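Trainee: I would like to go through this structure with you, one question at a time. Where do we begin?

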Amino acid sequence: MALLQITEPGLSTAPHEHRLAAGIDLGTTNSLVATVRSGSATVLPDRDGVQLLPSVVRYLPDGAHLVGAEASARAVSDPLNTISSVKRFMGRGVEDIERLGSSLPYAFVAGASGMPLIHTAAGDRSPVQVSADILSVLRQRVEATLGGELTGVVITVPAYFDDAQRQATKDAGRLAGLKVLRLLNEPTAAAVAYGLDHSAGGTVVIYDLGGGTFDVSILRLNQGVFEVLATAGNTALGGDDMDRLIAGWIMQQAGVSDAVGHSLQRRLLQAARRIKETLTETGTGAVPVSLELEDGRTWEGELDRPQMNELIDPLIRKTLAPCRRTLRDAGIAVDEVDEVVMVGGSTRVPRVRELVTEFFSRELLVDIDPDKVVAIGAAIQADILAGNKPEDEMLLLDVIPLSLGIETMGGLSEKIIPRNTTIPVARAQEFTTFKDGQTAMALHVLQGERELVDDCRSLARFELRGIPPMTAGAARIRVTFQVDADGLLGVTAEEQTSGIRAHIEVRPSYGLTDNEIETMLRDSMEHSREDMDARRLREVQVEADRVLEALQAAVQEDGDRFLDAQERAAIDQAAQALSTASGGEDHRAIKKAIEAVEAASAAYVEHRMNANIQKAMAGHSVDEFKR
Ligand code: ADP
Ligand code: MG
């Protein structure tokens, strides 16, 4: 998740031929689309001049659907058919969704592939389809405004999105008839919008407080490469929670109980949101509130900024813990931060800015509208990718957040692509067979920093079959990991002599949350020492197994011929000692025992080798060996 500047050959076109490209922020709460026109990026409004499209879709019994404000207006009265925050379900399996909580208002059903579908009046819809319905509206908006067909789009995703979530987002784009030029991390897009990729370098914090989620990322810009040093956040913290706190205050003031009906609940939240936004925009003074209650009474009151601040203060302070954690994880002191970029509609709230300014002791970057900054960065990227810039313009690329690797003998993870490698990337490594005559190989693709497979995340398993039988260690199997520009992984295994191959596209069904990624990274740092020890032990145990297995096979084949009773007893004893040592935890003892077995069997091995050479030559004429 860092950025690398490269030029992309073949995409540049003649300058007069401007191609329509757009950047889309497909948000949990709001989505929007921006494009570069006459050199500057602007967010495109709908026909009524509204730029933010609420990420809500309502499905109707006749099969039709509504998107945006029209849909969200009925969220309370028609909850089962009005889908909001669908981004939370993208690329997730049924189990993940169960974990997200029982409070979800939708009826989920398992689809054919085990992926969850939402049951609506218009039929079952996957999260991908719901997102595609949102994207379609944005696509129509661009094409209507600019009068032409889109060449391609860049869609933003949270930095912590995994393969499955990224793939789902890409699929949604395709389903909406869009050519997805690239997925871009949201914090990266925000940094691009501020032109920080053209700055000399430094450490950038992206503080993103949206409607329902909070994310903080620390990026380091180094010679055109943005590296994500750390990310953290809270997937259940945002502006909606401020609304709930203010609504709670009104209820308390008005003396209404918690058990209010849907209608009042909705009006309470709407009132709360209006108060919040008004107090945000208009500095001082109290905002009057009047609310018709269920018993027909009308409650009238007012709220001012200090009162609101008091209500939401604890919530804002909750965002500071992840900030502290990311700094610690990144090994950065607060005073080493060069820029703090504010992203997300909720960072308009002055109290948020105050507390964040105080925390980082620095002026914040707020000049670009915080709810538009991500779309604007995406539009700038899209413009370059579509080929509207001179050839020397640079492109930004991301890096992978967690290392990708493969399971090797002994339950160890062999890293093929280390974390923070810029993408797209392809890396290959050769592996071999463990047993004589082995004709198939099981490949287990892993994600994570830890040494042991059990501590990594399993992404996929597949098999390479039809390997020609050879002695152990002779086969050469080349395993190639390829990650495309969107962070999607393809793994290919190919046996070099026969050319047989197997391939898999990794689309894991269960996503990782940002917190899980963070935990995985932290674990790997905490355990690196014991992991190295565990690795050394496993490696030597595997070696012990191999030695014992080879010895046993040999003795069975020709032990009677080459070994007398005394030699045989010495070898058996050494083998027994090795087998015992290998069951223990002392890697040095195992190593010694291996050496003892090798010493005890040295003469025998030499006899065998000589005999085998003679055997091999016996069937051939001398001429054959001259060629
Ligand atoms: P997301 O990234 O989750 O899609 P946004 O960045 O669009 O969300 O942020 C939406 C949140 O921003 C909502 O909670 C909304 O109330 C809040 N918000 C938008 N404008 C204002 C404002 N003027 N004052 C306070 N909060 C605002
Ligand atoms: Mg957002």
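Trainee: Are Phe-359 and Phe-360 buried or exposed?

Mentor: This is a predicted model, so the answer rests on computed values. A residue counts as buried when its relative accessible area is under 20%. By that cut-off, Phe-359 and Phe-360 are both buried.

Trainee: How many aromatic pairs does the structure hold, and which kind do Phe-359 and Phe-360 form?

Mentor: The structure holds six aromatic pairs. In the pair of Phe-359 and Phe-360, the ring centres are 4.8 Å apart and the planes make an angle of 80°. Planes over 60 degrees apart count as edge-to-face, so this pair is edge-to-face.

Trainee: Which residues do ring pairs link into a cluster?

Mentor: Rings pair if their centres lie within 6.5 Å. Linked by such pairs, the cluster consists of Phe-89, Tyr-106 and Phe-108.

Trainee: Where is Asp-335 found, and is it buried or exposed?

Mentor: Asp-335 sits in the loop between α9 (320-330) and β19 (339-343). Its relative accessible area is 64%, and the cut-off for exposed is over 50%. Asp-335 is therefore exposed.

Trainee: What distance separates the C-alpha atoms of Asp-335 and Phe-360?

Mentor: Along the chain, Asp-335 and Phe-360 are 25 residues apart.

Trainee: How many disulfides does a search of the whole structure find?

Mentor: A disulfide is a covalent bond between the sulfur atoms of two cysteines. Cys-323 is buried at a relative accessible area of 1%, and Cys-456 is buried at 12%. The number of disulfides found in the whole structure is zero.

Definitions and conventions:
Residues are numbered from 1 along each chain as its sequence is written. Chains are lettered from A and ligands numbered from 1 in the order in which they are written. This is a predicted model: local features need pLDDT of at least 70, side-chain atom pairs count only at pLDDT 80 or more; totals for chains, interfaces and linings use all residues. Side-chain values use heavy atoms; hydrogens and water are left out. Rings of Phe, Tyr and Trp (its six-membered ring) pair if their centres lie within 6.5 Å; planes under 30 degrees apart count as stacked, over 60 as edge-to-face and the rest as tilted. Buried means under 20% relative accessible area, exposed over 50%, partly exposed in between (1.4 Å probe, protein chains only). Helices (H or I, at least four residues) and strands (E, at least two) are DSSP runs, numbered from the N terminus. A disulfide is a pair of cysteine sulfur atoms within 2.5 Å.
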